[in-house]
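User: I'd like to go through this model and ask what stands behind the labels. Can we take them one at a time?

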Amino acid sequence: MALSPISAPPDLLRWMSAIDELAIAVNQQRDLPGLLQQIARTACELLGYESAAVLLVDDERTALRIEGSWGLSDGYLRLVNEESPLLLAPSDTFVGSPSRGAFVDSAPVIVEDISRDPSYGPWAKAAQEHGHRSMASVPLRNQGETVGTLNVYGSDPRRLGPGGLELLQVLASHAGIALETGAQLERDRRRVRELSSLNELLRQHAAIHDRFIGVARRGGGVTDIATALAEITDRAVAVQDVSGQTLAAVPRAGVSVRPPDWLSRPEQCGGDSLPDLLVHATPVLSSESFPGLLAGPVRVGAETLGVLWLAGDSTDDDLHLRAVEQAAVVLGLEMLRRRAVTDAQWQLRGDLVAELAGGTLADPEAVVARADRLGSDLRLPQRVLAVRHEEAEQAGESGTAQLLRLVQSLVLARPRPRPLLALRDGAIVVVAPAAHPQGVEEFARHIRTVAAQAMEGGVRVAVSETCPTPDQLPGAFRLALGLLRLVPYAPDEDVLTVTSAGMIGMLLADVDPQRMGVLAERWIGPLRDYDRRRATDLVTTLRSYLDHDLNTNATAEALFIHPNTVGLRVKRIESLLGVSLTSVGDLTTLRAALAIDDITRSV
């Protein structure tokens with residue numbers, strides 16, 4: 001006998017079909033508002049309620065808002081979401097609302113008759129005005145956390161049975177799954193957008209990199225690199241070296257960059273040197289010291305080779321900042337290449353300067369021709385400049401090299417005929433045309449000002465008299481270098497000249513070292529011989545005694561000896577030389593003898 005198949009109850013089949021539809025909708029990753037509305041509608045259809053709502057907590061977890069609904073009027077939605085929100089704080093007037101209770105306690109709340117339930121409180125009148133007489137609320141959870149509630153509303157008093165409550169909780173679970181699915185989908189979409197944006201950024205970075213490398217490979221100079229950067233950033237660009245010389249200036253859209261005169265007028269950069277301001281600029285710096293401009297360092301390793309200027313007073317987006325950074329790298333390599341070429345030229349100039357300083361010109365016409373090939377003209381009267389860092393010994397080779405690069409850059413900036421330049425006897429010597437429109441002494445002051453801004457410590461510059469012919473240059477070298485060696489350093493000193501150096505300058509200019517050396521030996525020689533035989537220090541004592549205006553105590557303090565020792569040494573000096581250190585005539589003779597001795601021993 002065949003058994004009849006057991007049929008499921010019609011309600012169960014309807015419920016299962018509705019749940020399947022929700023599951024399909026969730027798996028298809030439909031938009032979240034539509035899913036929440038479908039869940040609310042399904043709750044009404046399966047449980048026989050007239051309206052339903054899915055409420056979610058806001059980002060601050062301070063209030064519940066209706067994010068999906070079915071059968072609710074626009075007025076009720078506006079009341080809950082805008083006019084009288086369901087706040088979760090204990091101090092709120094509607095602290096006892098069923099939705100808050102279901103959310104906070106994470107447990108179902110059922111209200112059979114809103115008008116008779118005291119927990120509904122002030123909400124009762126508003127609910128009845130919108131046709132609500134009963135309701136049920138179950139918590140909505142996502143990844144173990146309560147994130148909202150699923151509510152149903154009836155137009156007459158009723159009680160939701162156990163089966164209906166269980167179904168409402170199943171629907172709430174689907175809402176939680178929909179939330180997680182929607183959140184995951186949004187995370188995936190955001191990640192795809194980020195990856196797409198990153199890929200585009202990498203493509204643009206690669207294009208910028210390829211463009212700058214292309215400029216470098218085809219031998220494009222500083223101007224070509226600056227032009228490429230101006231086009232990429234849509235800004236006017238200028239490039240300076242550390243001496244302040246502008247190597248390239250590229251306008252853009254009618255705008256040109258005019259860098260501040262940061263070397264000769266440090267107040268334009270707040271009184272600080274620009275390299276100091278750029279230490280932490282990666283890749284650009286915006287400062288009140290140069291409004292309307294961005295400044296970026298051009299570095300190779302720890303050495304700053306120049307400054308990259310861009311029009312604009314605020315930093316740009318990441319792509320343009322990377323463009324500036326890459327341009328600075330390529331500029332640094334190009335400036336190093338230029339330096340290598342320049343070094344070769346300076347070597348030739350240095351050889352010529354050494355020959356001029358030596359004073360043995362076997363073929364003067366050949367020397368003049370060599371100068372012509374280097375852009376100089378020795379047919380013109382010349383003056384010699386000597387530049388030295390006051391703390392050259394402490395600064396070492398790196399400090400001297402930095403000063404040399406700076407002076408080279410300033411020399412290159414001058415129009416033809418250009419000066420000759422070389423490193424000699426620990427100083428930088430420059431042979432410059434005496435009749436240049438920018439006077440030689442003004443050029444010397446400019447060197448001193450620029451160097452003082454770019455380097456710590458004092459930088460001194462001395463200038464010789466004019467030499468009408470090349471054979472007079474050896475004396476000019478001796479005079480300029482002698483001024484640096486013999487004139488005591490003063491922080492506020494001007495450019496040293498024969499006139500400003502007083503007697504030392506006069507003696508350097510006019511003394512015949514061999515003839516005047518005899519005079520110095522007459523007065524200083526006996527003291528030096530005595531010091532050599534007795535291991536004393538009478539020459540140093542005499543210098544200090546005269547420098548301190550015959551003050552015994554000051555001399556003793558300077559030499560770290562007792563005043564009585566100074567007195568005994570003074571008497572010994574007077575005895576050996578047959579002079580009196582209280583006689584004006586003898587004092588004048590000894591001061592001149594010491595100056596001549598310094599000069600003859602230094603040449």
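Predicted model: local features only at pLDDT ≥ 70, side-chain atom pairs only at ≥ 80, totals over all residues.

User: Why is threonine 541 called buried?

Analyst: Threonine 541 has a relative accessibility of 1%, and the cut-off is under 20%, so threonine 541 counts as buried. Threonine 541 is found in helix α16, residues 538-547.

User: Which residues is threonine 541 in contact with, leaving aside its neighbours within four places in sequence?

Analyst: Thr555, Leu559 and Arg569. Contact here means heavy atoms within 4.5 Å.

User: What makes α16 largely enclosed by the rest of the structure?

Analyst: The count of buried residues: 7 of the 10 in α16 are buried, so the helix is largely enclosed. Those residues are Leu538, Val539, Thr541, Leu542, Ser544, Tyr545 and Leu546. Just after α16, aspartate 549 takes a positive phi of about 55°.

User: How do you know that there are 0 disulfides?

Analyst: A disulfide needs a pair of cysteine sulfur atoms within 2.5 Å, and a search of the whole structure finds 0 of them.

User: Are cysteine 44 and cysteine 467 buried or exposed?

Analyst: Cysteine 44 has 6% relative accessibility, so it counts as buried. Cysteine 467 has a relative accessible area of 5%, so it is buried too.

User: What makes β1 and β2 a pair?

Analyst: Pairing takes at least two bridges, and 6 bridges join β1 (residues 51-57) to β2 (residues 63-70), so they qualify as a pair. The two strands run antiparallel.

User: Why are β8 and β9 called edge strands?

Analyst: Start with the open sheet of 5 strands, which has the order β8-β7-β11-β10-β9 with antiparallel pairing. Strands β8 (246-250) and β9 (285-286) each pair on one side only. As for the partner of β8, strand β7 (residues 237-241) pairs with it in the antiparallel sense over 4 bridges. Glutamine 240 stands opposite threonine 246 in β8.

User: Which helix lies across β7, β8 and β11?

Analyst: That's α7, residues 222-233, running at about 35° to β8.

User: How many helices and strands does the protein chain have?

Analyst: The secondary structure comes to 19 helices and 15 strands. Among contacts in the protein chain with a separation of 6 or more, 59% are between residues 24 or more positions apart. The protein chain exposes about 30200 Å², with carbon and sulfur atoms supplying 51% of that.

User: What is the average pLDDT of the protein chain, and where does pLDDT stay under 50?

Analyst: The protein chain averages a pLDDT of 78, and 80% of the residues score at least 70. Residues 1-10 stay under 50, and the model has 1 contact beyond four places in sequence for them.

Technical notes: Residues numbered from 1 in each chain as written. Heavy atoms only, no water. Axes fitted to C-alpha atoms, helices over the stretch in contact; angles between N-to-C directions. Buried < 20%, exposed > 50% of the residue type's maximum accessible area, 1.4 Å probe, protein only. Areas by Shrake-Rupley, 256 points an atom, 1.4 Å probe, with all protein chains shown as cover. pLDDT = per-residue confidence, 0-100.
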